Amino acid sequence: MSANSGRTLTTSGQDLAKNGNSSNTKAPWKDAGTVLQPTTPNRKPQPPKPQNAITIAVSSRVLFNMEKEQQIFERQGMEEYIKYQVAHETESFSPGPAFSFVKALEAVNAQLRELYPESEELFDVVLITNNHANVGLRLINTINHYQLVIERFCMTGGNSPIGYLKAYHTNLYLSADPDKVHEALEAGIAAATMFTPDKMTEVSETQLRVAFDGDAVLFSDESEQIYKAHGLDKFFEHEKAHENKPLDHGPLKGFLEVLGKLQKKFYAKGHRMDCPIRTYLVTARSAASSGARALKTLRSWGLEIDEALFLAGAPKGPMLEKIRPHIFFDDQMFHVEGAAEMGTVACHVPYGVAQRIVKKGGKDKETSPVVK
């Protein structure tokens, strides 16, 4: 997305259209704003023990569209915000950018339970929010309305929830707040700031698709530092010279590992070709000049990637539009914006040298992404 495009990328979002179904049957998430009855379902699958699960922590502002409520909080303060939420607690929130991702996690869980009825190696979605507990009833009603399997809540009443992430054994944290994402990454937890595109492409309802950038996401920013400091030619020379030396890990390596662990459970039951989890490497690297090191690094870690796209600097958005991932991770806002422009739900991983700007005095300052 160019600086002159005039488009706006937000962290709180537009309504999510129903994905991948052209029938006339109305999906429950189409009924945004429906008046709800505060009910508790009779039966829901029990969440696995945290130590056995792949825990995905999501904030309420990425799971649901709370843009209006956030504006009330920012303009009128906490008391008016709470009053509004309580007064509207029988009205459902509309889905946010993480909604389809969470639904895909549940689809994978359903297939895992069929193959491994006693296994607790499942995705466990935890709602992590600094909302006041008085907002909890509206969130519970909305979750039950959409029939989401979310049993674990953490509501911190205005305090940062980051300290609870390790207690939940969190494998991935998604938030609309860049400051909280920075805090989580500094605590050693895989995290990303999730943005909502102006439009959303349809995504699969049965296969979870996750796309990763390479440098400063799966890998460290070692090579990115060479490129920033010395240019493209030196970068290619460095990668050629170090082709057989694995890159160090980046902040989302662990998340790819747990996806791979679940994939192997499907492979063991003969489901390699129709596995409900598919992973993608979408990198600006060139295949011939620097791709070998990336692939050899993954191999040295014992990890597989289903598809690798080496774009040699070409825009990522058009490729992602074809892949239609539920989620895409990149360390550079330029690529996040380009992906969102094509309808992909994209996340910014604020890690590495790409997050730094050099000031005239020779000192560099770490900065949060600025969304125009």
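Tutor: A residue counts as exposed when its relative accessible area is over 50%, as buried when that area is under 20%, and as partly exposed in between. The model discussed here is a predicted one.

Student: Is Lys-83 buried or exposed?

Tutor: The relative accessible area of Lys-83 is 54%. Because the cut-off is over 50%, Lys-83 is classed as exposed.

Student: With which residue do the side chains show Lys-83 meeting in a salt bridge?

Tutor: Side chains of opposite charge can pair when their charged atoms come close. The salt bridge, at 3.6 Å from N to O, joins Lys-83 to Glu-80.

Student: How many residues apart are Asp-124 and Arg-152?

Tutor: The side chains of Asp-124 and Arg-152 form a salt bridge at 2.6 Å, N to O. Asp-124 belongs to strand S4 (residues 123-129) and Arg-152 to strand S5, so the pair links distant parts of the chain, with a separation of 28 residues.

Student: Are Asp-330 and Lys-316 buried or exposed?

Tutor: A salt bridge of 2.6 Å, N to O, connects the side chains of Asp-330 and Lys-316. The two residues are 14 apart, with Asp-330 in strand S11 and Lys-316 in the loop between strand S10 (307-310) and H11. Both residues are buried.

Student: How many salt bridges does a search of the whole structure find?

Tutor: Some salt bridges share partners, and these join Asp-215, Glu-222, Glu-239, Arg-285 and Arg-293 into one network. For the whole structure, the number of salt bridges found is 19.

Student: Where is Thr-156 found, and which residue has the backbone oxygen that its side chain reaches?

Tutor: Thr-156 occupies the loop between strand S5 (152-155) and strand S6 (170-175). Its relative accessibility is 12%, so Thr-156 counts as buried. Beyond the residues up to four places away in sequence, Thr-156 touches Thr-129, Asn-130, Asn-131, Pro-161 and Tyr-164. At 2.4 Å, the side chain of Thr-156 reaches the backbone oxygen of Asn-159.

Student: What is the phi of Gln-147?

Tutor: Most residues other than glycine have a negative phi. Gln-147 is in the loop between helix H5 (136-145) and S5, and its relative accessibility of 58% makes it exposed. Although Gln-147 is not a glycine, its phi is positive, near 60°.

Student: What is the phi of Arg-324?

Tutor: Arg-324 is placed in the loop between helix H11 (317-323) and strand S11 (327-330). Its relative accessible area is 34%, so Arg-324 is partly exposed. Arg-324 is not a glycine, yet its phi is positive, at about 55°.

Student: How many disulfides does the count come to?

Tutor: Cys-154 is buried, at a relative accessible area of 7%, and Cys-347 is buried at 0%. A disulfide requires a pair of cysteine sulfur atoms within 2.5 Å. By this rule, the number of disulfides is zero.

Student: What percentage of the residues of the protein count as buried?

Tutor: The protein has twelve helices and 14 strands. Contacts between residues at least 6 apart in sequence join residues at least 24 apart in 76% of cases. The protein exposes about 17200 Å², of which carbon and sulfur atoms supply 48%. Of its 372 residues, the share that counts as buried is 51%.

How values were computed: Residues numbered from 1 in each chain as written. Predicted model: local features only at pLDDT ≥ 70, side-chain atom pairs only at ≥ 80, totals over all residues. Heavy atoms only, no water. Helix = DSSP H or I, 4+ residues; strand = E, 2+ residues; numbered from the N terminus. Buried < 20%, exposed > 50% of the residue type's maximum accessible area, 1.4 Å probe, protein only. Contact = heavy atoms within 4.5 Å. Areas by Shrake-Rupley, 256 points an atom, 1.4 Å probe, with all protein chains shown as cover. Polar contact = N/O pair within 3.5 Å; in protein donor to acceptor, adjacent residues only side chain to side chain. Salt bridge = Lys/Arg side-chain N within 4 Å of Asp/Glu carboxyl O.
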